[in-house]
Amino acid sequence: MERQQGEVKADRLERLDPLCDSEREMIKDTWATVYQNCDDVGVAILIRLFVNFPSSKQYFSQFQQVEDPEELERSAQLRKHSRRVMNAINTLVENLHDEDKMVSVLKLLGKAHALRHKVEPVYFKNLCGVILEVLVEVFRDYITPEVAVAWTKLLDAVYWHVKGVYEEVGWASSSAV
């Protein structure tokens with residue numbers, strides 16, 4: 001089955017396709033470049049999420065009524081949340097060698113979003129796809145097809161683990177994918 005750019009397929013996985021050492025290195029190498037621009041990239045990711053999936057704004061009271069992407073870009077609250085997203089990805093990348101640590105981080109993230117923020121799990125799938133789209137688009141000189149495969153595997157794992165946390169906490173929703 002061939003994937004489209006930005007498509008995350010983890011909801012169809014029974015088990016994850018683990019990253020090999022060379023894929024971990026590719027992710028770390030490209031992330032070093034991405035993270036140098038983390039504020040702008042994080043904002044681009046969230047704006048793309050809100051533009052492509054407008055219903056995702058429902059979880060952000062301060063953005064619900066904002067339609068203009070340029071106005072969103074100037075929002076201090078959006079920049080703050082985008083920094084959190086980028087720092088979470090950074091923590092995962094820094095711990096690619098430690099699966100237990102990665103799972104622990106994703107459990108905390110999943111529980112917070114399921115229980116405290118009541119975010120539908122499908123939005124994690126959407127976000128993972130948007131992250132990949134933005135990385136491929138903005139860092140096309142660094143994100144080769146092989147690197148994109150590695151990132152896709154990591155983002156599949158993110159969604160797979162977060163979705164598992166939702167199931168563990170008994171999340172019941174019609175849009176849980």
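Buried here means under 20% relative accessible area, with exposed being over 50% and partly exposed in between (1.4 Å probe, protein chains only). By that criterion Lys-153, at a relative accessible area of 11%, is buried. The model is predicted, so local features need pLDDT of at least 70 and side-chain atom pairs count only at pLDDT 80 or more, while totals for chains, interfaces and linings use all residues. Residues are numbered from 1 along each chain as its sequence is written, and side-chain values use heavy atoms, leaving out hydrogens and water.

**Salt bridges around Lys-153**
- The structure holds nine salt bridges, each defined as a side-chain nitrogen of Lys or Arg within 4 Å of a carboxyl oxygen of Asp or Glu.
- One of them joins the side chains of Lys-153 and Asp-17 (3.7 Å, N to O); because Lys-153 lies in helix H7 (residues 145-168) and Asp-17 in the segment before H1, this pair ties together parts that are 136 residues apart in sequence.
- Helices are DSSP runs (H or I, at least four residues), numbered from the N terminus.
- Lys-153 also meets Glu-23 in a salt bridge (2.7 Å, N to O), linking helix H7 to helix H1 across 130 residues.
- Glu-23 is buried at 9% relative accessibility, and Asp-17, Glu-23 and Lys-153 are linked in a network of salt bridges.

**Helices H2 and H6**
- Arg-48 and Glu-137 form a salt bridge through their side chains (2.8 Å, N to O), with Arg-48 in helix H2 (residues 38-52) and Glu-137 in helix H6 (residues 122-138), 89 residues apart.
- Glu-137 is partly exposed, at 38% relative accessibility.

**Thr-33**
- Thr-33 is found in helix H1 (residues 21-36) and is buried, with a relative accessible area of 17%.
- Leaving aside neighbours within four places in sequence, Thr-33 is in contact with Phe-139 and Tyr-142, contact meaning heavy atoms within 4.5 Å.

Note on methods. Helix = DSSP H or I, 4+ residues; strand = E, 2+ residues; numbered from the N terminus.
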